[in-house]
Amino acid sequence: MKIGLVLSGGGARGLMHLGVMKALEELGVKFSHISGTSAGSVIGALYAYGYNPDEILKQISSGYFKAIRPAWAMSGLLSLDTLGLELLRYMPENKFEHLKIPLSSAATDLVKGKIVYFEKGELIQAILASSCVPAVFNPVTVDGVMYVDGGILDNLPVRPIQDKCDFIIASHCNPIDDHFDRMNIKAIIERSLLMAINGNTTVSKGMCNILIEPPAISKFGGFEIGKAKEMFEIGYDFTIKNYKSYRFNEAE
């Protein structure tokens, strides 16, 4: 049976995916396809390349997410160029075709206003395009086309692998609770973005056989990279607790 893994975007919250993935590995799950948006695309690519969840957590915690530098441009606040160089250090072949597991990376065509799923050719630039949050990062150009974050139109990209898999597991890191700092403009903006993005995941969630969405991840912000280990453990503990008895090998 071919099992697909879908990883949502969500900034630093996406580190939760690594705990989910480690738990699923321990439960005997092997993935035939991976699809991701933004942080999910980054993590999915590193995993598809051959790194395990613990190795990816160490890589991220060691600083490449912190390598993003100011761009000083009118189109955005930050540049993803340095992040691209760091990713290239971990995945030097830089081609989808060199991945051990097929990957789909979702990005939004800024000119045509449509979702695009990268699955072949240059890898790093496609991942950066998928991760380019509007008004936070400069748009990323791939083959002359300008892209921004795939989460704008598809933050849980089930569609590109739906027909390739018999069973789909999705890890979603954007639950919304009713606790936030109403006097903090950053918190208000981030919450508004999460609400907008969540709107395009409703149909996708219904297309999954299993949706893993730990409520506890909602207490973290999308930029709290310093709490990587804690978010990792939330994903791991929730998955083990809720799916330890699930017979994945017998799923239909």
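**Exercise 1. Find how the side chains of E86 and R89 meet, and state where the two residues lie.**

Solution. The model under study is predicted.
Step 1. The side chains of E86 and R89 form a salt bridge, with an N to O distance of 2.9 Å. A salt bridge requires a distance within 4 Å, so this pair qualifies.
Step 2. Both residues belong to helix α4 (residues 81–90); because they are three residues apart there, about one helical turn separates them.
Step 3. E86 has 22% relative accessibility and therefore counts as partly exposed, whereas R89, at 53%, counts as exposed.
Step 4. As a general principle, side chains of opposite charge can pair when their charged atoms come close.

**Exercise 2. Determine which parts of the chain are joined by the salt bridge of E119 with K164.**

Solution. 
Step 1. The closest N and O atoms of E119 and K164 are 3.0 Å apart.
Step 2. E119 is in the loop between β6 (114–118) and α5 (124–130), and K164 is in the loop between α6 (159–162) and β9 (167–171); the pair therefore ties together parts that are 45 residues apart in sequence.
Step 3. E119 is partly exposed, its relative accessible area being 34%. K164 also counts as partly exposed, at 35% relative accessibility.

**Exercise 3. Describe the salt bridge between E230 and K219.**

Solution. 
Step 1. In this salt bridge the closest N and O atoms are 3.7 Å apart.
Step 2. E230 is in helix α9 and K219 in the loop between β10 (210–212) and α9; the pair, eleven residues apart, links distant parts of the chain.
Step 3. With 37% relative accessibility, E230 counts as partly exposed, while K219 counts as exposed at 55%.
Step 4. The count of salt bridges in the model comes to six.

**Exercise 4. Decide whether T239 is buried or exposed, and list what surrounds it.**

Solution. 
Step 1. T239 is located in helix α9 (residues 228–243).
Step 2. Its relative accessibility is 0%; because buried means under 20%, T239 counts as buried.
Step 3. The side chain of T239 reaches the backbone oxygen of G235 at a distance of 2.7 Å.
Step 4. When residues up to four places away in sequence are not counted, T239 touches V20, A23, L24, L27, I212 and K244.

**Exercise 5. Explain why helix α1 (residues 16–26) is described as largely enclosed.**

Solution. 
Step 1. Eight of the eleven residues of α1 are buried, so the helix is largely enclosed by the rest of the structure.
Step 2. The buried residues are M16, H17, L18, G19, V20, M21, A23 and L24. Among them, V20, A23 and L24 are also touched by T239.
Step 3. The cover over these residues includes β1 (3–7), α2, α3 (53–61), β9, β10 and α9.
Step 4. Just after α1, G28 adopts a positive phi of about 90°.

**Exercise 6. Identify the residues of the nonpolar patch on the surface, then characterise the chain as a whole.**

Solution. 
Step 1. The patch is formed by L110, V111 and M146, which together have about 280 Å² of accessible area.
Step 2. M146 is in strand β8 (residues 145–149) and is partly exposed, with a relative accessible area of 35%.
Step 3. The chain exposes about 11,800 Å², of which carbon and sulfur atoms supply 55%.
Step 4. The chain contains nine helices and ten strands, and 52% of its 252 residues count as buried.
Step 5. Among contacts between residues at least 6 apart in sequence, 73% join residues at least 24 apart.

How values were computed
Residues are numbered from 1 along each chain as its sequence is written. This is a predicted model: local features need pLDDT of at least 70, side-chain atom pairs count only at pLDDT 80 or more; totals for chains, interfaces and linings use all residues. Side-chain values use heavy atoms; hydrogens and water are left out. Helices (H or I, at least four residues) and strands (E, at least two) are DSSP runs, numbered from the N terminus. Buried means under 20% relative accessible area, exposed over 50%, partly exposed in between (1.4 Å probe, protein chains only). A polar contact is a pair of N or O atoms within 3.5 Å; within protein, one must be able to donate a hydrogen and the other to accept it, and residues adjacent in sequence count only if both atoms are side-chain atoms. Contact means heavy atoms within 4.5 Å. Accessible areas come from the Shrake-Rupley method with a 1.4 Å probe; for residues, only the protein chains shown count as cover. Patches are made of residues with over 30% relative accessible area and no salt bridge: like charges are joined within 9 Å, nonpolar side chains (Val, Leu, Ile, Met, Phe, Trp, Tyr) within 5 Å.
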